[in-house]
Amino acid sequence: MKPNYIAGAWTEGPHASRNINPSDTRDLVGEYAQADAAQADLAIAAATAAFPAWSLSTPQQRFDILDAVGTEILARRAELGDLLAREEGKTLPEAIGEVVRAGNIFKFFAGEALRPGGESLPSVRPGVGVEVTREAIGVVGLITPWNFPIAIPAWKIAPALAWGNCVVFKPADLVPGSAWALAEILSRSGLPAGVFNLVMGRGSVVGEKLLNDPRVAAISFTGSVGTGQKVAAACVSRMAKFQLEMGGKNPMVVLDDADLNVAVNAAVNSGFFSTGQRCTASSRLIVTEGIHDRFIAAMVEKMKALKIDDARKAGTDIGPVVDASQLGQDTDYIGIAKAEGGQLLQGGERLERNADGAPGFYLTPALITGTTAEMRINREEVFGPVVSVIRARDYEEALHLANDTPFGLSAGIATTSLKHATHFKRHSQAGMVMVNLPTAGVDYHVPFGGRKGSSYGPREQGRHAAEFYTTVKTAYTQA
Ligand code: NAD
């Protein structure tokens, strides 16, 4: 059993969880410890004890540690990418790309440790000076989802440590392997005992302990809307700081004047790559009348050529769905869309086995046409390779439809019109907007996050992450 990492020591759990490869369910990736509330308590105590010294550590010390962690992740990209693809099911190139992103994130925040910023300015009163500085907030609880098993942990852990916070990290149950590998690297990085703790375990046990413990100053959560609401309620009740990144129902608008290849490539990439299991996936295609039929025909042709197979096999375009429960959700939504009047034009077929005969959670990417904005398929997140199409009269109606959603994470438009691209960037009600690019696939050095039901609180990534992981102090001095 791979143990938890608590107070600088590897600690067996009272229970274990089995990590199964979704490309071949006969393959056991490993067994991982599952902590109980008492172990989560020990981790919180260790982080609390380590905070006073760590919050006063030098920027050089934090830079050196984070930079070395980033270097090791980048050097081991092939091995860590293979582990990630094996436990989560995204293809090997996608998994290696995610590992590289995680390494780059550590290096970015290593640099940020040296640039905390601050202001020095005169008071409005004579003879008084004012300084505005940033300080660490304390022990932070980091709760992550299964779909980005190393990048999301990296973009929470790295800024937390860079600005002097102590961490209790609870990864998703389905993907403990990447989390454990990252913790193992951090355990050898020179961090003092208790500064970083890995507590694998159930959300209802370890997660809730973090939410409700008064020693945990802040919670950074990425996951579903339902769990996010629980996080918010618990944090508000005890006045803890919190940040939520949740679901999406991201639109991609395709206008009559779009370059057909650009539009199809962006739609196939952001709808189906990573098996559609990205919060930024474009699951609603909003297509204007003049290009609708040509675009759909080109989509179908492209989709037929996609190879659905073992995530780690060369040439695979789309790996399996992560587990049986997510697969059930995907096929349920295809059924719901059909019952509501949508046409399943392509895909949506459950494949019990891959090309080599191995049993896995395979589903061919599904395209559902003839849908309307009020259908459930266009209002609720599926989180799988399922894309619906809404026909729009013109740009104005397409923009209205794009914004007609409870979510607001990412939005895209395919157009050759500068006028429409500029207008869309300004009027899209999403946190991230893409022109002639997939809605998924973002940089590691700029803010990530959304609006409306997708996100709550300060943005993650880039310099803006300081808003969450630090608190501002204003100090006055009479000269
Ligand atoms: P989830 O909400 O089921 O779980 C997320 C995490 O919360 C897990 O670690 C889980 O163990 C934990 N958890 C569950 N119950 C808890 C509780 N009562 N208290 C505390 N913690 C608890 O989400 P998931 O299925 O792992 O991930 C998929 C979801 O994540 C999708 O909705 C997707 O859109 C979203 N997501 C969002 C972003 C983003 O940045 N907006 C990125 C990736 C994924």
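**View 1. The largest pocket has a volume of about 980 Å³.** A pocket is an open set of points on a 1 Å grid over the protein atoms alone, with protein on both sides within 12 Å along at least five of seven lines; its volume is the space filled by probe spheres set on the points. Among the 37 lining residues (an atom within 4 Å of a point), Trp-146, Phe-221, Gly-223, Ser-224 and Thr-227 are the closest to the pocket centre. The model is predicted: local features need pLDDT of at least 70 and side-chain atom pairs pLDDT 80 or more, whereas totals for chains, interfaces and linings use all residues. Residues are numbered from 1 along each chain, and side-chain values use heavy atoms, without hydrogens and water.

**View 2. Helix 7 gives the most to the pocket lining, with 6 residues.** Helix 7, strand 10, helix 8 and helix 11 (324–339) each supply at least two lining residues; helices (H or I, at least four residues) and strands (E, at least two) are DSSP runs.

**View 3. The ligand takes up the space of the largest pocket.** A shell of 28 residues surrounds the ligand (a heavy atom within 4 Å), and Thr-144, Ser-224, Thr-227, Met-246 and Glu-381 are the closest. Helix 7 (203–212) provides the largest share of this shell, 4 residues.

View 4. A polar side-chain atom of Thr-227 lies 2.7 Å from a ligand oxygen atom. A backbone N or O atom of Gly-223 is 3.3 Å from an oxygen atom of the ligand, and a polar backbone atom of Gly-203 is 3.4 Å from a ligand nitrogen atom.

Technical notes
A polar contact is a pair of N or O atoms within 3.5 Å; within protein, one must be able to donate a hydrogen and the other to accept it, and residues adjacent in sequence count only if both atoms are side-chain atoms. On a 1 Å grid over the protein atoms alone, a cavity is a set of points where a 1.4 Å probe fits but cannot get out, and a pocket is an open set with protein on both sides within 12 Å along at least five of seven lines; lining residues have an atom within 4 Å of a point. A molecule sits in a cavity or pocket if more than half of its atoms lie within 2 Å of its grid points.
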